[in-house]
Amino acid sequence: MAKHCGLETLDEIIGDHAPAADGEHLKEFCSQIFRHLSRVDQRRCAHAYLEALLATPGKKSIQRLARTVSASPAAAQSLRQFVNASPWSWEPAMHELAAWAEGHGPVNAWSIGRAFLPKCGERSVGVHRHYDPFSNRTLNCQVGYGAFLNIGAAYIPVAWELSLPGPWNDSPKLRQRSRVPDTERYRPPWAHVLGLVDTLAVRRKPAPIVADLDDEQDVGLLVDGLTQRGHTFVIAVPRNMPVTVDERLGTHRMRRAATQLASLGGPLKTLALATRGGGRRLAHILSVPVHLQGTKSGAAPDRPYQLFTEMRADNRPGPVWLTNLPHQGLPIAVNLASHAAGPAVAVTAMAQWFGLLDFEGRSFPGWHHHMCLVSSAYAYRRLGRSSGQKLHVPTPCRETTPAPCRIR
């Protein structure tokens, strides 16, 4: 995979071999992430599953994972039960994962990404026909939306939501079979992003929101929600999104975003931006202050958004971005925009090395358990092995509903 705006490549993330488990350090990591689990056998299962994800080469089927950590013929059933049937809560584990990741450096941004998980058949929860822009194909797949903490060059997934379109929203039979909670309904992409941000905001120190939503026509609703909540953001928007130029430029004409930039952006601004490794690069930027149609926030004359694009080497405009950073903060906004590509690199690594696409379960809780475990394994490989920091493991809070799980 090529580098994007200073991002690491897959080879740099993973190295030249599959990751291995790290003994006592991995135990300490699991003790923190899964300390809320009420039973010793549950915590043992969580550790065994992560150890297997880190050490099993190739496809991460339940059978292959079990053979990595146990000689018992019952191990596969124990791991399957832990992921698919055990009613443990994944939210506390993801909160612990975020807190652990924050201990490895400052968070530069909350980056939003999507994961497309191809599936055979129609029984896996949330599966539907969806266009995947990365492969340029329409897939039979699950679509997950994830929030990633950008720490240094790493993008650590710390929250996930699953899209539930069509019959998964309307069919009681499908929902019951897949154990979808009554509170979970179909939401458009912008609502998933806002939900992820709200999840992080409960316990995390705020950071700028970075997301590529250039295919989401209702992105204005997300912009409105983020503005009302007081978040700073840099979001790629559709090139045809209608915007109104700020009145101080002498006109109120409504135009498409890309046209507005081309006609009113004025001369190119040349910015000297820092790159990974301490270097500098020159960025040629078109920008214009704008307001959005039909939104409640940011409409006052003294509070315009900034619409901008970076001109490419062939003198063609790149993606169109919208930010609520003021004009003098444009260099920061341009730098933040580079973080939008980070989640895709992380998701690709999770798919190739950590079993993201190998889950065999079909239930709503099982999907979230799987995403939690894969995210934890990826985070440990990405940050844990390079850290000499002793993990502090306070007294765990307890789950109310235990579940049997045995690894022998």
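Colleague: Which residues line the second largest cavity?

Modeller: Tyr49, Leu53, Lys60, Ser61, Ile62, Gly355, Asp358, Phe359, Glu360 and His370 do. A cavity is a set of points on a 1 Å grid over the protein atoms alone where a 1.4 Å probe fits but cannot get out, and lining residues have an atom within 4 Å of a point. This is a predicted model, where local features need pLDDT of at least 70 and side-chain atom pairs 80 or more, while totals for chains, interfaces and linings use all residues. Residues are numbered from 1 along each chain as its sequence is written, and side-chain values use heavy atoms, leaving out hydrogens and water.

Colleague: How much space lies in that second largest cavity?

Modeller: About 40 Å³, where volume is the space filled by probe spheres set on the points, joined across faces, edges and corners.

Colleague: And how do the residues of its lining divide?

Modeller: The lining of the second largest cavity has four nonpolar, three polar and three charged residues. Ala, Val, Leu, Ile, Met, Phe, Trp, Tyr, Cys and Pro count as nonpolar, Asp, Glu, Lys and Arg as charged, and the others, Gly among them, as polar.

Colleague: How many cavities of 30 Å³ or more does a search of the whole structure find?

Modeller: The search finds two.

Colleague: On to pockets. What volume does the largest pocket have?

Modeller: About 1,200 Å³. A pocket is an open set of points with protein on both sides within 12 Å along at least five of seven lines. The largest pocket has 43 lining residues, and those nearest its centre are Phe134, Asp212, Ala340, Ala341 and Ala344.

Colleague: How does the lining of the largest pocket look by class?

Modeller: There are 27 nonpolar, six polar and 10 charged residues in the lining of the largest pocket. Among the elements that each supply at least two residues are strands β1 (107–118) and β3 (137–151), along with helices α12 (330–337) and α13 (342–353). Helices (H or I, at least four residues) and strands (E, at least two) are DSSP runs, numbered from the N terminus.

Colleague: Changing topic: at what angle do α3 and α14 pack?

Modeller: Helix α3 (residues 40–55) and α14 are at about 60°, with axes 9 Å apart. Axes are lines fitted to C-alpha atoms over the stretch in contact, with angles from 0 to 180 degrees between N-to-C directions. The two helices are therefore oblique to each other. Angles under 35 degrees count as roughly parallel, over 145 as roughly antiparallel, 65 to 115 as roughly perpendicular and the rest as oblique.

Colleague: What about α5 and α14, how do their axes cross?

Modeller: At roughly 105°, and the axes of helix α5 (residues 75–84) and α14 come within 7 Å. That makes α5 roughly perpendicular to α14. Phe82, Val83 and Asn84 of α5 make contact (heavy atoms within 4.5 Å) with Pro365, Gly366, His369, His370 and Leu373 of α14. This contact has four nonpolar residues, four polar ones and no charged ones.

Colleague: Last one: which residues in α13 meet α14?

Modeller: Ala346, Ala349 and Met350 of α13 meet Val374, Ser375 and Tyr378 of α14. Five residues of this contact are nonpolar, one is polar and none is charged.
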